[in-house]
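Dear colleague,

Here is the structure that I promised to pass on to you.

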Amino acid sequence: MDKWSETDDEKWMARALALAGQAAAAGEVPVGAVIVVENAVIGEGWNSPIALHDPTAHAEIQAIRQAAVHTGNYRLENATLYATLEPCAMCAGALVNARIARLVFGGRDLRFGGVRSKFRIADSELLNHRVQVVEGVMAADCVALLEQFFRARR
């Protein structure tokens with residue numbers, strides 16, 4: 001039996017959505033990420049490459065960096081990462097390198113998705129670690145936030 005429940009996944013995805021809202025308010029693409037271990041947040045982040053002048057400052061990377069500092073370890077073996085958008089290839093690689101146990105994401109990224117849409121990096125049999133992937137949690141809300149953001153910019 002899976003120790004995670006749909007209710008927990010929605011709870012943490014709602015938190016990731018709130019973080020994505022912070023990114024949107026700052027003029028960044030609205031993506032948020034939360035890392036949870038034993039029902040406690042150990043890292044979180046939102047897209048901030050513009051503000052930080054850092055092309056690697058994606059929400060997932062920000063959350064992984066914070067979680068690694070929090071735990072004092074670069075390996076996050078019992079962690080679940082919640083992301084509002086399917087991670088890109090860079091972030092999917094970081095999930096594998098950090099040994100994240102589980103990824104839960106909302107909407108697919110049809111242009112750059114590194115987990116399902118374009119590549120299957122997170123659970124590739126070619127790599128030494130595979131992340132359990134759950135997709136589509138609160139997808140409608142996650143996609144709506146992105147669509148609203150880009151509609152307002154056009």
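This is a predicted model: local features need pLDDT of at least 70, side-chain atom pairs count only at pLDDT 80 or more; totals for chains, interfaces and linings use all residues.

Residues are numbered from 1 along each chain as its sequence is written, and side-chain values use heavy atoms, with hydrogens and water left out.

According to the unreviewed UniProt entry, residues 7–134 carry the annotation "domain: CMP/dCMP-type deaminase"; UniProt positions are given in the numbering used here, feature names are shortened, and such annotations may be inferred rather than shown by experiment. In the model this span is 35% helix and 22% strand, and its end C-alpha atoms lie 14 Å apart. Helices (H or I, at least four residues) and strands (E, at least two) are DSSP runs, numbered from the N terminus.

Buried means under 20% relative accessible area, exposed means over 50%, and partly exposed is in between (1.4 Å probe, protein chains only). If you select Ile-35, leaving aside residues up to four places away in sequence, you will find that the residues it touches include Ile-64, Leu-76, Leu-81 and Ile-100, a contact meaning heavy atoms within 4.5 Å.

Helix 5 (residues 139–153) has 15 residues and reaches 21 Å from its first C-alpha to its last, close to the 21 Å expected at 1.5 Å a residue; the expected span is 1.5 Å times one less than the number of residues. Its buried residues are Cys-142, Leu-145, Leu-146 and Phe-149. They lie on the same side of helix 5 because they cover an arc of only 90° around the axis, the arc being that of the directions from the helix axis to the C-beta atoms. The face of helix 5 turned away from this buried side carries the exposed residues Ala-140, Gln-148, Arg-151 and Ala-152.

A search of the whole structure finds six salt bridges, each defined as a side-chain nitrogen of Lys or Arg within 4 Å of a carboxyl oxygen of Asp or Glu. In one of them the side chains of Asp-9 and Arg-102 meet at 2.8 Å, N to O. This pair links distant parts of the chain, with Asp-9 in helix 1 (residues 6–25) and Arg-102 in strand 4, 93 residues apart, and both Asp-9 and Arg-102 are buried. Arg-15 forms a salt bridge with Glu-44, and here the closest N and O atoms are 3.0 Å apart. Because Arg-15 lies in helix 1 and Glu-44 in strand 2 (residues 40–46), the pair ties together parts that are 29 residues apart in sequence. Arg-15 counts as partly exposed, at 35% relative accessibility. Glu-135 and Arg-108 also meet in a salt bridge (2.8 Å, N to O).

Asn-78, in the loop between helix 3 and strand 3, counts as exposed at 60% relative accessibility. Not counting residues up to four places away in sequence, Asn-78 touches Val-36, Val-37 and Ala-101. His-53 is found in the loop between helix 2 (49–52) and helix 3, and its phi is near 55°, a positive value in a residue other than glycine. His-53 counts as exposed at 72% relative accessibility. Arg-99, in the loop between helix 4 and strand 4, has a positive phi of about 60° although it is not a glycine, and Arg-99 is buried, with a relative accessible area of 15%.
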